[in-house]
Amino acid sequence: MRIGRYLTEDGQHDKAIEHLDASLAVKDTWWATWYKAEAMAAKGKKKEALELANRTKTLAEGDNVFDQFFKKDVDQALVAWAK
């Protein structure tokens, strides 16, 4: 998952998605789901990104790290990507 996060932040979205898909195949986590959502949005695939962002919120329910550091970003992305 970490390489997927790095690649997403580095703008290498296709490679990021490959790595994140591999990570998600092992374990469905909100972290990997969120970074895949960001990569998909960056590629212009907002419908897929919206679905993944909503999945992120479901997976992250009750997670303090998500609530404190990521929830606001996910909520903002949901609004922006819906346009």
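1. Lys57 is partly exposed at a relative accessible area of 29% (partly exposed sits between buried, under 20%, and exposed, over 50%, with a 1.4 Å probe and protein chains only). Its salt-bridge partner is Asp75, at 2.7 Å from N to O (the rule: a side-chain nitrogen of Lys or Arg within 4 Å of a carboxyl oxygen of Asp or Glu). Asp75 is partly exposed too, at 25%. Lys57, Lys71 and Asp75 join up in a salt-bridge network.

2. Some housekeeping: this is a predicted model, where local features need pLDDT of at least 70, side-chain atom pairs count only at pLDDT 80 or more, and totals for chains, interfaces and linings use all residues. Residues are numbered from 1 along each chain as its sequence is written, and side-chain values use heavy atoms, leaving out hydrogens and water.

3. The salt-bridge count is six. One of them pairs Asp14 with Lys43 at 2.3 Å, N to O. Asp14 has a relative accessible area of 49%, and Lys43 has 33%.

4. Arg55 and Asp28 form another salt bridge, with the closest N and O atoms 2.5 Å apart. Both ends are partly exposed: Arg55 at 36%, Asp28 at 37%.

5. Arg5, Thr8 and Glu9 of α1 touch Trp31, Tyr35, Glu38 and Ala39 of α3 (contact is heavy atoms within 4.5 Å).

Conventions: Helices (H or I, at least four residues) and strands (E, at least two) are DSSP runs, numbered from the N terminus.
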